[in-house]
Structures are given as structure tokens and as C-alpha cells.
Amino acid sequence: MFLRMLRGAFRRQWKKLLMIALTVALGASIATAMLNVMLDVGDKINEELKAYGSNITVIPRSEAVMDKLYEADGEDDKKDDSRNREYLEEKTLEELLTIFWANNITDFSPLSSFSVTVNGESAELMGTWFDHHLEFVKKGTTYQRDTGIINLRSWWDIDEGEWLDEARLSGDKYAMVGKELAGKLGIKAGDTVKAKGSAAEEELSVIGIYSSGDDDDEKIYTTLSAAQRLSGTEGMYMKAEVSAITSPDDELAVKAAKDPSLLSGDEYDLWYCTAYVSSICFQIQEAIPEASAQAVRQIADSEGKILEKTELLMSLITLMSLIGAALGISNLVTSGVMERSAELALLKAVGAKNSQITGLVLTEIMFTAAAGAVGGYFMGYAFAQIIGQTVFSSSVEMSGMVAFIVAVLIIGVTILGSIPAIRMILRLRPSEVLHGGH
Amino acid sequence: MSLLELKNISKIYGELHALDNVSLSVDKGEWIAIMGPSGSGKSTMMNIIGCMDKPTTGQVIFDGRDISRDSRRKLTEFHRDKIGLVFQQFHLINYLNAVENVMVAQYYHSMPDEKEALAALERVGLKDRAKHLPGQLSGGEQQRVCIARALINSPELILADEPTGNLDEANENIVLDIFRQLHKEGTSLVVVTHDPEVGEVAQRIVRLEHGKIVSDKKNDSFSDTLKGEKKNEKKNEKKKN
Ligand SMILES: Nc1ncnc2c1ncn2[C@@H]1O[C@H](COP(=O)(O)OP(=O)(O)OP(=O)(O)O)[C@@H](O)[C@H]1O
Ligand SMILES: [Mg+2]
């Protein structure tokens with residue numbers, strides 16, 4: 001009988017129920033999309049921001065002290081300290097693959113800069129890894145990684161030629177030339193240029209001309225080994241750029257950044273085992289004692305802030321859509337109950353208890369909402385992918401957790417939305433409805 | 001023995017005394033018509049008898065039990081077990097067919113039983129319309145479904161508020177014959193009506209005015225004989241004369 005009544009109600013009220021299902025579907029889809037994007041977005045945004053370069057620089061410790069001094073003194077001529085400049089050994093770069101957070105380090109590359117003459121004109125030359133194959137054995141474990149500035153300078157446009165691919169070229173006498181410098185000297189991809197440094201002179205063939213939009217456009221980039229020969233700094237590098245996926249800074253991170261030794265034991269463990277910029281830097285310094293690792297503050301901070309803001313925005317959108325769904329449901333259900341008040345009053349008059357009538361109406365709504373929620377979940381899946389593709393240009397992973405949360409939310413919203421209607425059912429007096437008109 | 005007793009019942013809406021200190025006793029198996037002008041408190045009285053409303057003051061005693069202060073939940077149960085309701089507007093559920101409409105009352109009472117429901121429809125002469133939706137039935141047929149629903153749980157009392165208000169004479173007679181039948185079987189009937197013809201077939205006629213009982217008398221011309229038989233009787237009488 002219950003089923004017959006349900007079926008009858010579905011058949012008669014399908015328009016209203018369809019509206020309820022659609023309302024639920026809309027709410028569920030937005031919640032699904034937002035929650036999935038939100039869970040996925042931490043990594044997505046980090047990847048996105050990583051495209052704008054490194055977030056940690058590694059420099060020799062003495063230079064770090066010097067930089068701090070200069071900063072305190074105000075703007076002195078920093079460039080004049082080339083005599084004192086210290087270098088780090090190229091081998092220390094291997095340590096970046098051995099630290100606890102090695103997997104969070106997506107790319108890194110050494111960078112050394114020297115004044116040279118190129119075809120007789122003075123220019124700044126950078127020695128670096130482009131796409132360097134690093135492989136070594138340490139304590140019985142083999143580590144390997146292909147890394148270099150190809151990923152750290154993803155915003156470079158190659159105007160001519162192509163990226164310098166170390167793996168495909170033999171030897172190291174290659175260069176990429178910035179657009180401005182190339183224009184000034186009339187250099188084209190495929191040309192050979194003569195570079196003269198303080199220690200040697202080399203002929204470098206130009207693989208590509210790039211435009212970076214910053215002062216790299218006036219520089220010439222060559223392999224680290226070629227630059228070392230030109231400057232007589234074999235086996236050394238000046239600084240390294242590191243790109244790492246990090247957790248947004250919170251209070252603990254701020255506290256630790258001041259001085260990790262101030263943390264309590266538990267705090268220290270938590271900090272050390274969280275991918276804060278500061279704890280990654282700390283571990284780099286542990287692994288390379290002669291180096292100082294510093295967060296590139298602006299970017300690291302803004303990552304956290306953008307993440308926070310995005311999450312806040314998405315939470316708000318989710319909340320609004322759920323409130324909207326609840327309001328919509330309450331509207332539809334209440335008007336549905338109002339339309340059926342004679343029928344429901346009659347059920348009371350033939351002896352139905354409030355709980356039974358409420359049960360009947362709630363069952364209808366729950367079935368409808370469930371159908372809507374399932375539909376909405378798949379719509380939300382599509383939304384999430386669209387957002388992923390357009391905003392982060394990658395797919396968004398759907399998590400089972402979200403399906404569960406959305407189910408709970410929708411049940412809550414549906415019950416919440418049904419409350420006014422249920423109250424109406426409880427207030428319904430068969431005597432008033434059925435003898436209406438007196 | 002009295003089935004139902006109203007003792008000094010008042011129902012007050014603000015200033016308005018819809019019922020004003022009314023006392024009434026209905027015996028088991030009695031058929032009472034309640035008559036009176038519009039607004040005199042007939043429906044109000046029905047609602048109180050039918051346990052669908054509570055009096056402002058006074059007692060309702062049903063089967064020797066004072067139910068006027070029971071909780072709504074208890075009243076619902078009580079009403080479900082003892083009383084069958086017949087409405088002027090029938091109030092059938094329009095997406096359920098005739099037999100299903102009868103079964104709804106069974107469902108909320110105990111267990112739906114299609115055979116029993118069909119039997120109830122047969123009693124009101126509608127067995128062949130069991131699968132029709134209310135929209136496919138005439139007013140008279142709908143009222144008969146409503147009556148079948150009212151008597152499906154074998155109530156002790158049938159309450160009918162203007163049961164023939166929406167029916168033509170032929171259908172009115174069918175309904176009244178069903179009432180006579182029920183009365184013969186010992187069911188108590190309380191019928192509210194404007195219509196003197198419907199009132200005058202009852203055993204006892206109670207008149208309400210402004211919430212007060214102004215008259216309460218036995219109907220001398222009461223007869224249990226079904227309309228069809230009655231006509232024959234009349235013919236016989238004429239023949240005698
Ligand atoms: N819920 C209510 N609130 C306020 N006043 C009410 C309510 N129900 C009934 N009344 C008033 O009580 C009085 C009696 O109403 P009732 O419905 O009992 O009259 P009735 O005799 O059934 O009339 P009718 O023959 O027109 O059906 C009327 O004046 C009516 O307006
Ligand atoms: Mg009335």
C-alpha cells in the first residue's frame with residue numbers, strides 16, 4: 001500500500017519532484033566540483049606557481065651572511081664582491097635528492113654568472129644545467145634525476161631554434177642567447193659565437209634564441225661545464241635554484257622560521273615532517289652544511305595566500321549552493337505539501353499518525369533527492385574536469401571522500417529543507433481542512 | 001446504553017461560541033440527524049465527536065471513557081478504531097483507484113486486505129467500479145467509495161457531514177439506503193445535514209442554533225425499511241385505502 005501510494009504520488013507530482021531533483025542535482029554538482037577541486041587544488045596551484053620558477057635558492061653560507069650585511073647596510077654595490085665570492089661544490093647538488101623532502105623537490109639547477117665577452121662585446125654569461133641527467137650511488141642506493149632550467153624557465157619563449165637538450169647533444173659547447181643580446185650582436189640559431197672568460201676562450205654553437213621578458217634577455221646561457229672552463233671554476237657553482245611543492249605557511253611555520261630551536265619537541269617533529277618552505281630549507285642546510293637555503297619569500301608566501309583564498313572562495317561557493325538548494329527544496333516541498341493538504345489531512349482522518357505521513361512525504365523527497373544527488377555527482381565530475389582543464393590545465397582527481405561528504409551534505413540539506421513542510425504536516429488539522437468551507 | 005456522551009461542551013473561538021454548553025447523548029445503534037442553519041456549530045460538533053478537535057470546556061465520554069483530555073496521538077488512534085467518516089466532498093485520493101482508496105483506511109488501521117476492501121465496495125454496490133480512479137466515478141459513486149472506506153474497519157460510529165450535499169436525489173436515496181442498512185446492522189450514525197429530507201429519515205433529530213441545542217426529539221415517522229420497500233409499503237397503504 002505504501003508503495004502504491006508512493007508510486008501514485010510520484011506519478012502525479014513528477015513535475016514538482018523533478019524540480020526538487022534538479023535543485024538537488026545543482027547543489028550536489030557544485031559541491032562535488034568545488035570539494036574535488038579544493039582537495040586537488042593545493043597541488044594544482046603549486047604546480048601552477050612552480051611554472052613561475054623556483055621557490056628556494058641555495059647559496060654559499062658566507063655569501064648569505066654577506067647578503068644580510070648588505071641588506072642591513074642599505075643598498076651598497078653588491079656586485080663588487082666578486083673577489084670574495086665563494087662557490088659550492090657541484091657534488092653538493094646530489095644531496096638535494098637524499099633529503100627527506102626530496103620527492104617534493106620537483107626541479108633544481110645550479111646557476112653561475114660571469115662577465116665575459118661574446119664576439120668582442122661584453123655580456124653576462126650564465127652556466128647552468130638545462131636538462132641534466134644526475135645519477136649517483138650513495139649508501140648502496142642509486143639516485144637519479146633529470147633536472148635543469150627547462151622546467152625552471154617554463155615561461156621562456158623559444159623564438160628561434162630549440163631548447164638546449166644536453167642529453168641529445170655531444171659535448172658541452174652550446175649556448176642559448178637572449179633575444180636582446182642576439183639582436184644586438186646579430187646572432188641567429190645555428191651560429192657559432194666566441195666567448196672569452198677570465199680563464200679561457202670557447203666557441204659555442206647557438207642552439208636557440210629565447211625571449212624571457214626579463215633581464216635574461218640580455219644574457220647568454222651555456223652549460224655549467226663550459227662556464228666553469230671559461231671562468232676557471234671547475235667543479236663549482238655559485239647558487240642553485242630549487243623548486244619544491246610546499247605546504248602553506250601557518251603559525252607553526254612562522255614560529256619555526258624565526259628559529260627552529262625555539263620549538264617544543266612535538267612542534268619540532270610536526271614542523272620537520274611538514275613540507276613547509278622553512279623545513280625544506282632547514283633540511284637542505286643540514287645536508288649541505290656549507291650552504292644557506294633561503295625561501296624566495298614573495299612566491300612562497302603568495303602560494304599559501306592564493307591557496308587559502310581559493311579555498312575560502314570555493315568553500316563559500318559550496319556553502320551558497322547548498323543554502324540555495326535547501327531554500328529551493330523547502331520552497332518546493334512546502335508548496336507540494338500545501339497542494340496536497342487535503343490528501344494528507346484525509347490520511348490523518350483515516351488514522352495515519354504524524355510519523356507515518358511524515359515518513360511518506362520524506363520517503364518521496366529522499367528518493368527524489370537521491371536521484372538528483374547521483375545525477376549531480378556526475379555533473380559535478382564534469383564541472384570539476386572543466387575547472388581543472390581551464391584553470392589548471394590538468395584533470396582533477398575525484399575522491400571517494402568527496403562522494404561521501406556530498407552524500408552527507410545532501411541528506412542534511414534535504415532534511416533541513418523539509419523541516420518547514422514537516423512542521424506544516426504536524427500542524428495540519430483534518431477538522432479544518434476536510435470540513436473546509438463550513 | 002449510551003455510546004457517546006457530550007457533557008457541557010463549549011467550543012470558543014475568541015469571542016465566538018461555536019458550541020455553547022452543549023450536552024448530548026448518543027445510544028449504541030442510534031441514528032441521529034443534526035440539523036441547523038449554517039454557522040450553528042454542526043461541523044464543530046462533528047469534529048469534537050470525531051476526535052478531530054478538542055472542546056474548550058466540557059467532557060466527551062466514549063464507551064464510558066473520558067477522551068476529551070487525551071493527547072492528540074491517543075485521539076487519532078481512538079478515532080481510527082471507533083469512527084468512520086463520510087465527507088460532503090468525499091476526499092478520495094485521486095491517484096488511487098476505488099479499492100485502493102478503501103485500502104488506505106485499512107493500511108493505517110491494521111493491514112490492507114484487498115478482498116475485504118472489495119467486499120466493502122460490494123456492500124455499497126460498486127464492486128464493478130473497483131479499479132476506477134475517483135475522476136472516472138460519478139459524485140454518487142465517489143460518495144459510496146467514501147462510505148465503503150468509512151465502514152471498512154467496522155467502526156462503532158459513522159459520522160457524516162452533509163453526506164448528500166453534493167448528490168442528486170437518486171444518489172441521495174442510494175446513500176440513505178446504505179445508512180438504513182448500516183443502522184439495521186447496529187452501527188450508530190450521526191449525520192449532519194441541511195436537508196430536511198435527509199434529516200427526517202433519522203431516528204432522532206437534534207436542532208442546533210447559535211451553538212445551542214434548541215430541540216431534540218424522536219422522529220415518529222422513522223422507519224428502517226429500505227426506500228425500495230418503503231415505496232411498496234406506501235403503495236400497499238394506498239391499496240388498502
Ligand atoms: N477554526 C475556526 N476558527 C474560528 N472560527 C471558527 C472555526 N471553525 C468554525 N468557526 C466558527 O464557528 C461557527 C460554527 O461553525 P461550524 O462550521 O460548526 O458551522 P456549521 O453549522 O457546520 O455551518 P455550515 O452548515 O455552513 O457547515 C461559525 O461561525 C464558524 O465561523
Ligand atoms: Mg459545516
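Reader: Which residues in helix 6 of chain B are buried?

Author: This is a predicted model, in which local features need pLDDT of at least 70, side-chain atom pairs count only at pLDDT 80 or more, and totals for chains, interfaces and linings use all residues. Residues are numbered from 1 along each chain as its sequence is written, chains are lettered from A and ligands numbered from 1 in the order written, and side-chain values use heavy atoms, without hydrogens and water. Buried means under 20% relative accessible area, exposed over 50%, and partly exposed in between (1.4 Å probe, protein chains only). In helix 6 of chain B the buried residues are Asn171(B), Glu172(B), Asn173(B), Val175(B), Leu176(B), Ile178(B), Phe179(B), Arg180(B), Leu182(B) and His183(B).

Reader: How many Å apart are the end C-alpha atoms of helix 6 of chain B?

Author: Helices (H or I, at least four residues) and strands (E, at least two) are DSSP runs, numbered from the N terminus. The expected span of a helix is 1.5 Å times one less than its number of residues, so the 16 residues of helix 6 (residues 169-184) of chain B should span 22 Å. The end C-alpha atoms agree with this, being apart by 22 Å.

Reader: In what order do the 6 strands of the open sheet in chain B lie?

Author: Two strands pair if DSSP finds at least two bridges between them. The pairing in this sheet is mixed, and the order is 6-7-8-3-9-10.

Reader: Which are the edge strands?

Author: An edge strand here pairs on one side only. In chain B these are strand 6 (83-86) and strand 10 (212-218).

Reader: Is Cys51(B) buried or exposed?

Author: Cys51(B) lies in the loop between helix 1 and strand 4 (57-62) of chain B. Its phi is positive, near 60 degrees, in a residue other than glycine. With a relative accessible area of 8%, Cys51(B) is buried.

Reader: Is Ser154(B) buried or exposed?

Author: Ser154(B) sits in the loop between helix 5 (139-151) and strand 7 of chain B. Although Ser154(B) is not a glycine, its phi is positive, at about 45 degrees. Its relative accessibility is 59%, so Ser154(B) counts as exposed.
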